[in-house]
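Take a look at the fold, then read on.

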Amino acid sequence: MNSEEPPRNPGPSQTPPGSQTSQSPEPRQQVTGRQRLAAGLWPPRVTRAQLIVALLLFVLGLGLAIQVRSTNDDSALRGARQEDLVRILDELDGRTERLEDEKQRLDDQQTELETSSDQAEEARKQTREKEQQLGILAGTVAARGPGITLTVQDAGGTVDSGMLLDAIQELRAAGAEAIQVNGVRVVAATYFSGSDGDIEVDGKQISAPYRFKVIGKPQDLEPALNIPGGVVQTLEREQATATVAASEEIVVDALRPAQRPDYARSSS
């Protein structure tokens, strides 16, 4: 007898291998308008045109602010009390007075500086003139001016150094300022030596004719040589001849080297 198997209870359904379980899609997140605005503004994207516009707007706003402030100040002055206006005028007067004092002080300083500059220039000018004068006396610079020329002819060789030295002394006493004899500059330390036509001036030998070039006032120099018993008559007694010629310009160009003292120093 065939026994029938009881039917099996169906179990839970199983998914065949390789098959995928279908899942429901997740809902999409919606983007709000605020988020889109924020995404458009950040990060900022500034163009060159925007920068120029922003700069122009800034300048325009600054000008408006200054104008408004000036208008407010004018309004404040118009609405100020009489006492306040008087005080403001007093402050302005005081400031003006201080500025005038400062201007006067600066003008005085400028005048003082100009005066000091003029004094310094005058001192330099006087120093240069004094240097020229001392140079003429020392024989280190050439000189020119009115004067005389004394020419002594000694054909017999009878003129000695003493006679020529007497001529120098007479010329100096008459106001001679620069002298040279046969190309030798005569100064305070000049000496004459020799006789009988063999004469030296400061160690330099000179020969007849002896020519003196002298700068000074001709009206004083010429009479000093021609006085009775003076230089001219003394030379004539020695069979020599002396000729004096006045001139509007005598050039004394014989120079002596400048000597530096060994021991003397300026006390100033």
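## Contacts around Thr 151

Contact here means heavy atoms within 4.5 Å. Leaving out residues up to four places away in sequence, Thr 151 touches Pro 209, Tyr 210, Arg 211, Thr 241, Ala 242 and Thr 243. Thr 151 sits in strand E1, which covers residues 143-153.

Is Thr 151 buried or exposed? Buried means under 20% relative accessible area. Thr 151 has 15% relative accessibility, so it counts as buried.

## The overall picture

This is a predicted model. The protein has 6 helices and 8 strands. Along the sequence, their order is α-α-α-β-α-β-β-β-β-β-β-α-α-β.

The protein has 268 residues, and 20% of them are buried. Its accessible surface is about 21100 Å². Carbon and sulfur atoms account for 52% of that surface. Take the contacts in the protein with a separation of 6 or more: 77% of them join residues 24 or more positions apart.

## The nonpolar cores

In soluble globular proteins, nonpolar side chains tend to be buried together. Here, the largest nonpolar core has 31 residues. Which residues have the most contacts inside it? They are Val 159, Leu 171 and Phe 212. Helix H4, residues 161-173, gives the largest share of this core, with 5 residues. There is also a second, separate core of 5 residues, including Ala 143, Ala 178, Ile 215 and Ile 250.

Val 181 belongs to strand E2. Its relative accessibility is 0%, so Val 181 counts as buried. Beyond four places in sequence, Val 181 touches Ile 168, Val 186, Ile 206, Arg 211 and Phe 212. Val 181 and Val 252 are 71 residues apart in sequence. In space, their C-alpha atoms are 9.6 Å apart.

Arg 172 is found in helix H4. Is Arg 172 buried or partly exposed? Its relative accessibility is 33%, so Arg 172 counts as partly exposed. The C-alpha atoms of Arg 172 and Val 214 are separated by 9.5 Å. Along the chain, Arg 172 and Val 214 are 42 residues apart.

## The largest pocket

The largest pocket has a volume of about 440 Å³. It is lined by 20 residues. Which of them are the closest to its centre? These are Ala 138, Thr 140, Arg 256, Pro 257 and Ala 258.

Helix H3 (82-138) and strand E3 (184-186) each supply at least two residues of the lining. H3 gives the largest share, 4 residues. By class, the lining has 11 nonpolar, 4 polar and 5 charged residues.

## Backbone points to check

Most residues other than glycine have a negative phi, and most peptide bonds are trans.

Begin with the peptide bond from Ala 208 to Pro 209. This bond is cis, with omega near 0°. Pro 209 lies in the loop between strand E6 (204-206) and strand E7 (210-215).

Next come two residues with a positive phi. Asn 182 has a phi near 50° and is not a glycine. Its place is the loop between strand E2 (178-181) and E3. Asn 182 is partly exposed, with a relative accessible area of 29%. For Asp 202, also not a glycine, phi is about 55°. Asp 202 lies in the loop between strand E5 (198-201) and E6. Is Asp 202 buried or exposed? With a relative accessible area of 16%, Asp 202 is buried.

Key
Residues are numbered from 1 along each chain as its sequence is written. This is a predicted model: local features need pLDDT of at least 70, side-chain atom pairs count only at pLDDT 80 or more; totals for chains, interfaces and linings use all residues. Side-chain values use heavy atoms; hydrogens and water are left out. A nonpolar core is a set of buried Ala, Val, Leu, Ile, Met, Phe, Trp, Tyr and Cys residues joined through side-chain atoms within 4.5 Å. Buried means under 20% relative accessible area, exposed over 50%, partly exposed in between (1.4 Å probe, protein chains only). Accessible areas come from the Shrake-Rupley method with a 1.4 Å probe; for residues, only the protein chains shown count as cover. On a 1 Å grid over the protein atoms alone, a cavity is a set of points where a 1.4 Å probe fits but cannot get out, and a pocket is an open set with protein on both sides within 12 Å along at least five of seven lines; lining residues have an atom within 4 Å of a point. Grid points are joined across faces, edges and corners, and a volume is the space filled by probe spheres set on the points. Ala, Val, Leu, Ile, Met, Phe, Trp, Tyr, Cys and Pro count as nonpolar, Asp, Glu, Lys and Arg as charged, and the others, Gly among them, as polar.
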